[in-house]
Amino acid sequence: MRWDIFCQIVDNYGDAGVCWRLARSLSSLHGQDVRIFCDDLATLNLLASGVDRSIGQKIDLQPWEASFSNARHPVETPDIVIEAFGCSLPERYLASLLISPKKPIIINLEYLSAEPWIVDFHGKPSPQAHGIPKYFFFPGFQDDSGGLLLDPIPQDFNITVNQVPDALKPAWQELRTQAKRISIFCYPGAPLRQWLLNLGSTGEYFDVILTYGQAELLQLSSGQALNLPPSIQLLSVPFVSQDEYDWLLSQCDFNIVRGEDSFVRAQLAGKPFIWHIYPQQDRAHEAKLAAFLDRYLETASQDLKNTCTAAMNWGMPNEWQKSLDDWNTHSKAWRTHLLQKQADGGLAARLKRFVS
Ligand code: TRH
């Protein structure tokens, strides 16, 4: 089948990240023909740049306007149109679908949530005045939800520590053997300074890898000293491709992630993590975090439940650092559980089955 994915980048990288991961899954695992129309091609290209060329070349990345105005790439009517995160299709593109003899199915790909209510809405029709069939598709953890994006399938993650991606080599050379590794990718508003200072009070060695933009959150560029003890080493890395970022998560002992794509990858990395969930004005994120923790910690001991809940709500590292071994064991078990629950191929496979 031929798929057109529409991706509008509101802010951050998650929209592009999810669209790219979906496109590569559909193309490389399911042999589908995929085009992405994106209003910020530079960001999409950056994310996609690390991928194996044999996969990347098959996916057609186009600017948003090319969906209706690029004479060199005339739009053929696809079988499936994806509106990622409810973005509206360009009017002229929609008009071309209306006059086409072939009618596609439109999918409104929603945000990932662990909340129970999503299964009641997943797969339901969204009748439109224009008459083209449209359905809601909810990614999720439940069997009867849209599932999770798994690609690249973690068992196949065969990059080893000896194959450090070039962009990460300068930081990797600075790593200390006795130190645990933490990666940080969070939103402004996180109490990072206090968190790092507290980490320094635990007496353990940590190498803290700050992903692109995180040093600014700490105001390191303005020269504001942090006065961290020598046990804590901060290392900044540039923005890397999505594959390289996945690799980074898999090579750290602890990750701080955000949004929804890095959140799933942190779980698939099988390591303890803090999910700095995207803050929403109506505080809807609090219910989303609680719903995830209910699921994630269902089988955990009461101690670990308390520890993880505190950590995910920015409790200080000295409150939970002693439970890191237990949390590590739990993270591995959770990863295995997720992969078993998504053994049907996860989101891309469920989406393909749904539209078929
Ligand atoms: O960038 P995000 O904060 O995106 C968010 C979420 O999608 C959120 O749900 C949405 O409401 C909001 O945007 C508008 O976080 P997320 O989802 O983890 O996406 C980040 C992507 O960027 C992910 O695919 C990993 C990738 N990435 C790289 O490719 N290289 C990097 O160096 C880094 C730090 C991230």
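## Salt bridges and the parallel sheet

In this predicted model, the side chains of K134 and E83 meet in a salt bridge, with 2.9 Å from N to O. The pair joins distant parts of the chain, since K134 lies in strand β6 and E83 in strand β4 (residues 80-84), 51 residues apart. Both ends are buried, K134 having a relative accessible area of 13% and E83 one of 6%.

The sheet to which these strands belong is open and has six strands in the order β3-β2-β1-β4-β5-β6, with parallel pairing. Because β3 (60-63) and β6 (134-137) stand at the edges with a single partner strand each, one side of each is left without a neighbour in the sheet. Neighbouring strands are turned by 20° against each other on average, direction ignored. Strand β1 (residues 2-7) pairs with strand β2 (residues 33-38) over six bridges in the parallel sense, and F6 has F37 in β2 as its bridge partner. Helix α2 (residues 41-48) packs on the sheet, where it touches β2 and β3, and its direction makes about 160° with that of β3.

The salt bridges come to 17 in count, among them the following.

| Pair | N to O distance |
|---|---|
| R21 and D261 | 2.8 Å |
| K134 and E83 | 2.9 Å |
| D246 and R265 | 3.6 Å |

R21 in helix α1 (residues 14-29) and D261 in helix α11 (residues 261-268) are 240 residues apart; R21 is buried at 0% relative accessible area, and D261 counts as buried at 13%. D246 in helix α10 (residues 242-251) and R265 in helix α11 are 19 residues apart, and both are buried. Through shared partners, salt bridges join R21, D246, D261 and R265 into one network.

Note on methods. Residues numbered from 1 in each chain as written. Predicted model: local features only at pLDDT ≥ 70, side-chain atom pairs only at ≥ 80, totals over all residues. Heavy atoms only, no water. Pairing = 2+ DSSP bridges. Helix = DSSP H or I, 4+ residues; strand = E, 2+ residues; numbered from the N terminus. Axes fitted to C-alpha atoms, helices over the stretch in contact; angles between N-to-C directions. Contact = heavy atoms within 4.5 Å. Salt bridge = Lys/Arg side-chain N within 4 Å of Asp/Glu carboxyl O. Buried < 20%, exposed > 50% of the residue type's maximum accessible area, 1.4 Å probe, protein only.
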